[in-house]
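Please keep the sequence and the model in view while reading.

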Amino acid sequence: MNKVLIVGLGLIGGSYARCLTKANIDVYAITKNEDDIIYAKENNIIKDGYAYVSKDFVNSFDRIIFCLYPKTMLEWVKEYKDYIKDGAIITDVSGVKGEILYQIQDLLKNKAEFIGSHPMAGKEKPGIKESDESLFLNANFIITPTKNNTKEGIEFARTIGKIISSKQQTILTPEKHDEMIAFLSQLTHAIAISLMTSNDDYENLVLYTGDSFRDLTRIANIDENLWSELFLLNKKELIESIDKFIKELNNLRNNIVNDDVEKIKNQMKTSTYRRKFFNKK
């Protein structure tokens with residue numbers, strides 16, 4: 001892997017480009033904003049790139065990484081699949097797999113291999129100027145192969161995970177990935193959104209809030225275009241996670257209503273015990 005094409009040069013694409021360039025891989029890019037290409041070249045994030053799609057350019061790459069919104073990625077493949085080199089291996093960074101991955105594999109068929117992957121990291125501010133080679137440091141990295149993937153394809157995804165300094169690479173089916181992400185990522189964003197929209201006195205609340213509210217709502221600074229797309233593409237799994245959360249919150253509510261101190265304490269003990277497994281080492 002001596003050169004890679006990144007399609008989509010935002011926060012994640014730019015951070016990938018920084019990591020790959022640091023690993024002495026020639027990184028090229030396609031993105032819709034010419035200013036992002038100029039910025040990336042001036043800051044030695046990429047070797048070269050374009051704000052348009054050229055068949056000769058795309059066809060010169062054996063390895064491609066899509067750093068696009070899921071639906072945009074699908075539309076890109078529909079429009080430019082014939083530009084992709086025969087035998088190329090492609091991966092992505094998408095937070096939803098089931099609804100998109102199989103469609104892309106079907107579109108590419110025997111022409112190229114698409115292997116799903118997902119770095120479990122990000123931040124609230126978008127754009128290449130916010131990109132950071134340490135963004136994925138010690139983050140989890142999920143690979144979602146199907147029966148259509150090869151050992152070479154899976155190894156390509158693993159290699160990307162290592163280059164960006166992820167903590168570990170985990171193999172999941174696309175379906176299991178979406179189930180886990182619904183709970184671990186999408187539900188947490190839904191809770192943060194709901195906290196911020198459940199009290200209209202926000203201008204006064206900010207005057208005396210504490211760190212607990214700030215910590216819980218940090219991810220409420222959200223890209224509404226991306227996250228509404230992720231929510232709806234993973235609708236079934238997310239609704240199941242929301243329902244489980246509502247049930248448990250209602251249990252706590254009822255225990256408070258009933259002054260059942262022992263049940264309240266048991267919920268808190270369970271919470272404290274389980275949270276220890278998530279503490280960063």
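Thr217 is buried, at a relative accessible area of 8%, where buried means under 20% relative accessible area, exposed over 50% and partly exposed in between, with a 1.4 Å probe and protein chains only. This is a predicted model, in which local features need pLDDT of at least 70 and side-chain atom pairs count only at pLDDT 80 or more, while totals for chains, interfaces and linings use all residues. Residues are numbered from 1 along each chain as its sequence is written, and side-chain values use heavy atoms, with hydrogens and water left out.

Thr217 belongs to helix α9, residues 211–217; helices (H or I, at least four residues) and strands (E, at least two) are DSSP runs numbered from the N terminus. Apart from neighbours within four places in sequence, Thr217 has contacts with Ala192, Leu195 and Met196, a contact being heavy atoms within 4.5 Å. Ala220 sits in the loop between α9 and α10. With neighbours within four places again set aside, Ala220 contacts Ala192, Ile193 and Met196. The C-alpha atom of Ala220 is also 8.4 Å from that of Glu124, 96 residues away along the chain.

Helix α10 covers residues 224–233 and contains Glu229. Is Glu229 buried or exposed? Glu229 has a relative accessible area of 13%, so it counts as buried. Not counting residues up to four places away in sequence, Glu229 touches Tyr69, Pro70, Lys71 and Thr72. Between Glu229 and Lys71, 158 residues apart along the chain, the C-alpha separation is 7.9 Å. The side chain of Glu229 comes to 2.7 Å from the backbone nitrogen of Lys71.

Pro70 leads on to helix α4, residues 70–80, in which Pro70, Met73, Leu74, Trp76, Val77 and Tyr80 are buried. Viewed down the axis of α4, these buried residues fall within an arc of 160°, so they line one face of the helix; the arc is that of the directions from the helix axis to the C-beta atoms. An α-helix has 3.6 residues a turn, so residues three or four places apart point the same way.

The packing partner to consider next is helix α5, residues 98–108, whose axis lies 10 Å from that of α4 at an angle of about 10°. Axes are lines fitted to C-alpha atoms, for helices over the stretch in contact, and angles run from 0 to 180 degrees between N-to-C directions. The two helices are therefore roughly parallel, the word for angles under 35 degrees, with over 145 being roughly antiparallel, 65 to 115 roughly perpendicular and the rest oblique. From α4, Pro70, Met73, Leu74, Val77 and Lys78 meet Ile100, Gln103, Ile104, Leu107 and Leu108 of α5.

Ser94 lies in the loop between β5 (89–92) and α5. Its relative accessibility is 3%, so Ser94 counts as buried. Beyond neighbours within four places in sequence, Ser94 contacts Pro70, Met73, Ser117, His118 and His177.

Two loop residues remain. Asn44, in the loop between α2 (34–42) and β3 (48–50), has a positive phi of about 55° although it is not a glycine. Asn44 counts as exposed because its relative accessibility is 60%. Asp259 is in the loop between α11 (235–257) and α12 (261–275). Its phi is near 55°, a positive value in a residue other than glycine. At 65% relative accessibility, Asp259 is exposed.

Key: A polar contact is a pair of N or O atoms within 3.5 Å; within protein, one must be able to donate a hydrogen and the other to accept it, and residues adjacent in sequence count only if both atoms are side-chain atoms.
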